[in-house]
Amino acid sequence: MIREPSALNVARRRTELTLAAEERVDVLVIGGGITGVGVALDAASRGLTVTLIEAEDLAFGTSRFSSKLVHGGLRYLATGDFATARESAHERHLLMTSIAPHLIHPLGQLLPFSQTVTLRQRVAGTVGMGLGDVLRMRAHTPRRVLPAPAVVSARTAMRLMPALDQRGLRGGMLAYDGQLVDDARLVTTVARTAAALGARILTRVRALSLRADGASVEEATTGERFEIRARAVVNATGVWAGALDPSITVRPSRGTHIVLDAADLGAPSTALTVPHEGSISRYVFALPQAHGRLIVGLTDEDSPGAVPRVAQPTETEIEFLLHSLNRVLATAVRRDQVRGAFAGLRPLVDSGTDSTADISRRHLVAASESGFISVLGGKLTTYRRMAEDAVDLAVTTRSLPSSRQSRTASLRLADRDVPSSDELLDEATALTAAEVEYAVRVEGAMTVDDVLDRRTRIGLVDADRARCRPVVESVVARAVSALL
Ligand SMILES: Cc1cc2nc3c(=O)[nH]c(=O)nc-3n(C[C@H](O)[C@H](O)[C@H](O)COP(=O)(O)OP(=O)(O)OC[C@H]3O[C@@H](n4cnc5c(N)ncnc54)[C@H](O)[C@@H]3O)c2cc1C
């Protein structure tokens, strides 16, 4: 068994499950998305004792279906929301310079001045990217971390994005933002960092009901029910928050991406930014990913009714994304070239507006009538600040020890040291046995789905998933039995 303090695995889970039922902790966190693991880390960094429960697996909800960008907050300026824009740029700065430079790199984003991009859209894009650089400067993010935006020639635009339609191309605007190696990886890494500070991270434990001083819970593999006692309880269940806190009305908005082979766009290392037809504030992005993939997103669709376990993209959204992308390409990407599609639900707090695109992306932190705290909204980028606000409120409303402040602004997240291995399990995705074993021994994976869908992102393409499944299943079984 791995002794590394940040290691999450079935053996540690078994021990800590027993302790969770016996001992009262300072903070019980419900939900293992980015918000919940952020709260667990913040509380543990203050020296508080913490248990986090997650009904399924780490990053099971919205946090694995994002665009994987660490935003500078530019999009909030378009709606005049300066506070959120500044907060986003500040958090991006902390993440890229001290908290997680090993998980985020700068990504160039090209707005092409194509025939189909109007003069108004070009001006709006250029001014916006310039303002984005002002946000970068105000956050003190150095240019070596995020290079300056620049107008580029048609030749450079073609070099960066070889699939562009050259006819009538008048160059473009190139600007930089942060890109995560993977959103689910960020969640797992924050969870491991919290675990290294003593937090108990328990997946497959569902909260049935919450109180100010604890929760009734159910362990999913046995169906066993028990109580967890805590001085403070934080509900960080995203789009599911209303099920545990009836005072909250969540208005989920679905965002869909499609997955393409990067080779279909000439294997770019830069992202492409295409304005929605007729809009100067909304865009479709084509974002290069690992292993020769590229994701194109995203939509913003009201998704009323019961919250599904996993949201599904619609054919209309897929067609819309292809249509928007194809407006600037020399050769249109066809529907049969789409290798996969995925959708996530934004946990927006209902504010009574007509369109979900108009609802504030700022987070909500509030104490419920029964005394527990709910935290939702926000972004992956701002998870640290959301978590700090939630724990601050818990400290004041629940009289927790307040001698120590949050340390997360300068706390570097855990490293990931997968030993190199020559046992290649799948050539196309470069998956090795060492990677799967590491997922089970250190990153808390318990099943083949955890590995395919959240520790790696092989599952985003159905064909890759089906091909890798049998071999991954046997390596997971071997690694789990070695731990027990
Ligand atoms: C399409 C899309 C693209 C986005 N792109 C970006 C981006 O590029 N950059 C960015 O910064 N932000 C982005 N966001 C926003 C960001 O992804 C979300 O704000 C964030 O992931 C929400 O995290 P969360 O932890 O609050 O919710 P979730 O990730 O949904 O986590 C909630 C967790 O609670 C668990 N849970 C639910 N009920 C219970 C229960 N009863 N007991 C125990 N556990 C429970 C769920 O299983 C789930 O794992 C995007 C959002 C969407 C939808």
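In the predicted model described here, a backbone N or O atom of alanine 207 lies 3.0 Å from a nitrogen atom of the ligand, a polar contact being a pair of N or O atoms within 3.5 Å, where within protein one must be able to donate a hydrogen and the other to accept it, and residues adjacent in sequence count only if both atoms are side-chain atoms. The protein covers 97% of the 1000 Å² of accessible area that the ligand has on its own, with accessible areas taken from the Shrake-Rupley method with a 1.4 Å probe and, for residues, only the protein chains shown counting as cover. Residues are numbered from 1 along each chain as its sequence is written, and side-chain values use heavy atoms, with hydrogens and water left out. As the model is predicted, local features need pLDDT of at least 70 and side-chain atom pairs count only at pLDDT 80 or more, whereas totals for chains, interfaces and linings use all residues.

The ligand is surrounded by 38 residues, the closest being Thr35, Glu54, Ser63, Leu69 and Thr381, where a residue is near if one of its heavy atoms lies within 4 Å. This shell divides into 15 nonpolar, 18 polar and 5 charged residues.

Strand 10 (residues 225-235) is joined by 5 bridges to strand 1 (residues 25-30), and the two run parallel; valine 25 stands opposite alanine 230 of strand 10. Strands (E, at least two residues) and helices (H or I, at least four) are DSSP runs, numbered from the N terminus, and two strands pair if DSSP finds at least two bridges between them. Strand 9 (residues 214-219) is antiparallel to strand 10, with 5 bridges, and alanine 215 has isoleucine 228 as its bridge partner. These two strands form a hairpin with 5 residues between them, and glycine 223 in the turn has a positive phi of about 80°. Strand 10 also runs parallel to strand 18 (residues 373-376), through 2 bridges, with valine 234 opposite isoleucine 373.

A nonpolar surface patch of about 600 Å² is made by Leu74, Leu119, Val123, Val127, Leu131, Val134 and Met137. Helix 5 (residues 119-138) gives the largest share of this patch, 6 residues, and leucine 119 has its place in helix 5.

Definitions and conventions:
Ala, Val, Leu, Ile, Met, Phe, Trp, Tyr, Cys and Pro count as nonpolar, Asp, Glu, Lys and Arg as charged, and the others, Gly among them, as polar. Patches are made of residues with over 30% relative accessible area and no salt bridge: like charges are joined within 9 Å, nonpolar side chains (Val, Leu, Ile, Met, Phe, Trp, Tyr) within 5 Å. A salt bridge is a side-chain nitrogen of Lys or Arg within 4 Å of a carboxyl oxygen of Asp or Glu.
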